[in-house]
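Dear colleague,

I am handing over the structure below for your review.

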Amino acid sequence: MALSRDIETIRRTELFSGFSVDQLRLIAFTVTRFARETGQVLFEEDAESLGAYLVADGTLQLEAGGRSAGIAGAGSLLAEAALISPVPHRVRAIAAEPADILLIRRDQFLRLIEEYPDIASEMDRRLRRNFAEMVSALSAVKTRLSDF
């Protein structure tokens, strides 16, 4: 029962939407599910990430440099790049209410994509697209700022 719930949670994220049920099942086998109570820290800013964190339920308050950096609700995927690279967290995440979290551990995810090239090629395509969209958005911001 928990596995099917994790598969559905993973399927609802943009990064994994459109994956086959079999691919989602393989990814779900790599997750660790845990809870955070209101006020508990999920991770600290600048700490090395173990992988990507998917908010299954609840809300997290995000902070950067001691200031609010937004909110992550159900379906939010945090530290997406940490699925493939050991990167530090750019924010601190604290449970704003009780939250259920899925951690997709980088070490297990990398093993998975080594064994299943179809998942690896789809992830490569999606991560490249997301990166290109981010660069485009930053370019737009740069253009707007240069007008001041």
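In this predicted model, Leu83 is in contact with Leu15, Phe16, Ala52, Ile104, Arg106, Phe109, Leu110 and Met123, leaving aside its neighbours within four places in sequence. Leu83 also belongs to the largest nonpolar core, which has 21 residues. Along with Ile10, Phe16, Ile27, Phe109 and Met123, Leu83 is among those that touch the most other members. Two or more residues of this core come from each of helix 1 (2–11), helix 2 (21–28), strand 3 (51–57), strand 8 (99–105), helix 3 (106–115) and helix 4 (117–146). Another core lies apart from it and comprises 14 residues, including Leu62, Val91, Ala99 and Ile101.

Ser49 may also interest you. This residue is placed in the loop between strand 2 (41–43) and strand 3. Ser49 counts as buried because its relative accessibility is 1%, under the 20% limit. Beyond its neighbours within four places in sequence, Ser49 is in contact with Ala79, Ala82, Val87, Pro88, His89 and Arg106. Ser49 and Ala81 are 32 residues apart along the chain, and their C-alpha atoms are separated by 9.5 Å.

On the surface, Phe131, Met134, Val135 and Leu138 form a nonpolar patch with about 400 Å² of accessible area together. Met134 is found in helix 4 and is partly exposed, its relative accessible area being 44%.

Finally, an unreviewed UniProt entry lists residues 15–130 as "domain: Cyclic nucleotide-binding". In the model, this span is 28% helix and 34% strand, and its end C-alpha atoms lie 9 Å apart.

With kind regards

Notes
Residues are numbered from 1 along each chain as its sequence is written. This is a predicted model: local features need pLDDT of at least 70, side-chain atom pairs count only at pLDDT 80 or more; totals for chains, interfaces and linings use all residues. Side-chain values use heavy atoms; hydrogens and water are left out. UniProt positions are given in the numbering used here, feature names are shortened, and annotations may be inferred rather than shown by experiment. Helices (H or I, at least four residues) and strands (E, at least two) are DSSP runs, numbered from the N terminus. A nonpolar core is a set of buried Ala, Val, Leu, Ile, Met, Phe, Trp, Tyr and Cys residues joined through side-chain atoms within 4.5 Å. Buried means under 20% relative accessible area, exposed over 50%, partly exposed in between (1.4 Å probe, protein chains only). Contact means heavy atoms within 4.5 Å. Patches are made of residues with over 30% relative accessible area and no salt bridge: like charges are joined within 9 Å, nonpolar side chains (Val, Leu, Ile, Met, Phe, Trp, Tyr) within 5 Å. Accessible areas come from the Shrake-Rupley method with a 1.4 Å probe; for residues, only the protein chains shown count as cover. A salt bridge is a side-chain nitrogen of Lys or Arg within 4 Å of a carboxyl oxygen of Asp or Glu.
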